[in-house]
Amino acid sequence: MSADEPNDGLVHTEDRTPYVESTIIMTTVRTVAPFILTLGLFVMFHGADSAGGGFQGGAIAGTVVLLLAFAFGIRAVRDWLNPAAVLGLVAAGVGTFLLVAVGSLPLSGEFLQYTAYPVPHASKYGIELVELGIGALVAGVIVGLFFLVAVGFDPGEPLEDEP
Amino acid sequence: MTPLEAVVLVFVIGCALAAALLRDVLSAIIAFAAYSLGIAVIWVILQAPDVALTEAAVGAGVMTLLLLLTIAKTVRPESDASFEDVRPRSLVVVVAFAAVLLATVPALPAIGAETPVTTGEVTSYYLENAYEETEVGNAVTAVLAAYRGFDTLGEAVVVFSAVVAVLMVLRREVMA
């Protein structure tokens, strides 16, 4: 909810009207978005055993939000998203990688030595965790960059291309 | 060269020319997206599926959306000509540059050929030991996240720093 809307407890539907009222685009996006998100997560989780990985999966998953924004309006999607969550995703991604890297030191391992962790298949799960961190980082960067270019990311700020 | 490769190459070169020559920016962006998609197919032909996924997602997908957003905020110049006027001087430079790059093509090894890069000590070590040592099925991931994990960590931190910098600059622009 943006700050310039009258605060009278009513839902102002005219402010929520989609950016382009194209039934074709909205229906297409509504149909394919779950599949694209699933593909992105698959590429991210399965990157250790097949083509892909955190970077590619994160990019695909992040694109889903961009698709939604194009179909249902950048403003509506931006209001629905929490900016802190997007920035948190970026920080959590890089933080996960750093924690995995540094965490092996107290366990008397080398920096980034996955096998120092006392879990079965530590190397496999360590790599998976790092890939997920990269995925979160990339998805957050893509979504954040998109909304920054589109409007600036402060929720109260009006869109430039709207009166 | 198989017919498929020839078709994709012609498609990519056509799209590249269209992106460079079309006067309308929107058309150029669409041509550029098609070009990226063609390049992604070429990566698959060159047996680099990881790179192909990146090219398709970032090059054809995200870049196109960001460029579209950018031109939505600009004014499109009214012009009857559908192609740019090419200056002879620029044409000479571009053709010379392309000729220099093309001159290196005959030196490239065939796809999958045994070259010092593919049979070298480091590569052989990765291919022989990656599966047992890292317990993942994708040697590319094994190199990226395990053997070269330090580099990948550096890349992640660089991306993080870059987005923080862009955030600060763009916010200041929005405020001003």
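These legends walk through several views of a predicted model, covering a glutamate and a ring cluster in chain A and then chain B as a whole.

**View 1. A:E128, a buried glutamate in helix α5 of chain A.** Helix α5 covers residues 122-150 of chain A, and A:E128 sits within that stretch. Which side chain of opposite charge is nearest to A:E128? It is A:K124, at 4.6 Å.

**View 2. The contacts of A:E128 beyond its sequence neighbours.** Here we set aside residues within four places of A:E128 in sequence. What remains in contact with A:E128 is A:M44, A:F45 and A:A48.

**View 3. The tilted ring pair A:F70 and A:F146.** Counting over all chains, the structure holds 6 aromatic pairs. In one of them, A:F70 and A:F146, the ring centres are 6.1 Å apart and the planes meet at 45°, so the pair is classed as tilted. Helix α2 (residues 54-72) of chain A carries A:F70 while helix α5 of chain A carries A:F146, so this pair ties together parts 76 residues apart in sequence.

**View 4. The edge-to-face pair A:F146 and A:F147.** The centres of these two rings lie 5.1 Å apart, and their planes are at 80°, so the pair is edge-to-face. Taken with the previous view, ring pairs link A:F70, A:F146 and A:F147 into a cluster.

**View 5. Chain B, a chain of 8 helices and 0 strands.** Reading from the N terminus, the elements run α-α-α-α-α-α-α-α. Along the principal axes, the C-alpha atoms of chain B fill a box of roughly 60 × 50 × 30 Å. The radius of gyration of chain B is 21 Å, while a compact globule of 176 residues would come out near 16 Å.

**View 6. Burial, contacts and surface of chain B.** Of its 176 residues, 23% count as buried. Among contacts in chain B with a separation of 6 or more, 49% join residues 24 or more positions apart. What share of the accessible surface of chain B belongs to carbon and sulfur atoms? The figure is 71%, out of a surface of about 11800 Å².

Notes. Residues are numbered from 1 along each chain as its sequence is written. Chains are lettered from A and ligands numbered from 1 in the order in which they are written. This is a predicted model: local features need pLDDT of at least 70, side-chain atom pairs count only at pLDDT 80 or more; totals for chains, interfaces and linings use all residues. Side-chain values use heavy atoms; hydrogens and water are left out. Helices (H or I, at least four residues) and strands (E, at least two) are DSSP runs, numbered from the N terminus. Buried means under 20% relative accessible area, exposed over 50%, partly exposed in between (1.4 Å probe, protein chains only). Lys and Arg count as positive and Asp and Glu as negative; His and the chain ends are not counted. A salt bridge is a side-chain nitrogen of Lys or Arg within 4 Å of a carboxyl oxygen of Asp or Glu. Contact means heavy atoms within 4.5 Å. Rings of Phe, Tyr and Trp (its six-membered ring) pair if their centres lie within 6.5 Å; planes under 30 degrees apart count as stacked, over 60 as edge-to-face and the rest as tilted. The radius of gyration is taken over C-alpha atoms; the globule rule is 2.2 Å times the number of residues to the power 0.38. Accessible areas come from the Shrake-Rupley method with a 1.4 Å probe; for residues, only the protein chains shown count as cover.
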